[in-house]
Amino acid sequence: MRHKIVAGNWKMHKNAEETEDFLNELIDQLPDDLNAEIIVAPTFVNLASAADHVEFTPITVAAQNMHQAESGAYTGEISAAMLKSIGVSTVILGHSERRAYFNETDAALANKVDTALKHEMRVIFCFGEELKDRQNGQHFNVVENQLREGLFQITDKDWEQIVLAYEPVWAIGTGETASPEQAQEMHAFIRNTIRTRYPKIADEVSIVYGGSVKPENAKEIFSKPDVDGGLIGGAALKVADFVAIASAI
């Protein structure tokens, strides 16, 4: 069901003590009348403690990645069942850094999505074009292909467990941000692309924007009709900034 979401992807930041301190501050500072689901994605080593820490709060803990196999000789990897066993039922898949630095392909991501859904996990599925794609006028084609190759194998029912995160790669960690109009244009395109295969789903799925969202630009970006929140990187590492962004919803 479509709803507002503000998710913080901490990437490889925050040790155990810093994670606990951040969550304590976040719990204290979140407004009671916030009109969005709040998600934080700590590192793997802090997931269990974070999940315990927010158990009786409105905050959801998500993993930053998982392996597609059920188990096996995959040194350093984490399975869906392992995540579920510590109370984590949401996972980010397909982040641009995973695609770029760890060579995750659309086919591998489709397998990960299938595994996550099999374990009744919610997936925040990331996708988006690089700068060269936009400069060459291929950004719509790239996004459509990533959606079709990564998600169009799932059923209508499965979409209840999917959140889409559009992240223009050229606007991640660069300080550059797609204009609110560019974000809305792509989010509307994404919704229309889904409609070609899943006509009953398109208006129900939440599509969040991920690309250097800050307190200064969040309100304008979030005001667009097809933008349902944000997947926040750097600004999610400071409680005040993260709360300000969440409050912009």
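The legends below accompany close-up views of a predicted model.

**View 1. The largest pocket of the predicted model and the residues closest to its centre.** The space in this pocket amounts to about 570 Å³. Its lining is made up of 23 residues, and of these F44, Q64, N65, R98 and F102 are the closest to the centre of the pocket. Sorted by class, the lining of the largest pocket comprises nine nonpolar, eight polar and six charged residues.

**View 2. Helices that contribute to the lining of the largest pocket.** Two helices, α4 (96-101) and α5 (106-118), each supply at least two residues of this lining, and α4 gives the most, with three residues.

**View 3. The crossing of α5 and α7.** Helix α5, which also supplies at least two residues to the lining of the largest pocket, has an axis that comes within 7 Å of the axis of helix α7 (residues 139-151), and the two axes cross at roughly 45°. The crossing in which α5 passes α7 is right-handed.

**View 4. Residues in the contact between α5 and α7.** On the α5 side the contact is made by D106, A110 and V113, while α7 takes part through N145, Q146, E149, G150 and L151. By class, three nonpolar, three polar and two charged residues make up this contact of α5 with α7.

How values were computed:
Residues numbered from 1 in each chain as written. Predicted model: local features only at pLDDT ≥ 70, side-chain atom pairs only at ≥ 80, totals over all residues. Heavy atoms only, no water. 1 Å grid on protein atoms, 1.4 Å probe; cavity = no way out; pocket = protein on both sides within 12 Å on 5 of 7 lines; lining within 4 Å. Points joined across faces, edges and corners; volume = space filled by probe spheres on them. Helix = DSSP H or I, 4+ residues; strand = E, 2+ residues; numbered from the N terminus. Nonpolar A, V, L, I, M, F, W, Y, C, P; charged D, E, K, R; others polar. Axes fitted to C-alpha atoms, helices over the stretch in contact; angles between N-to-C directions. Left-handed = near helix turned anticlockwise from the far one by under 90°. Contact = heavy atoms within 4.5 Å.
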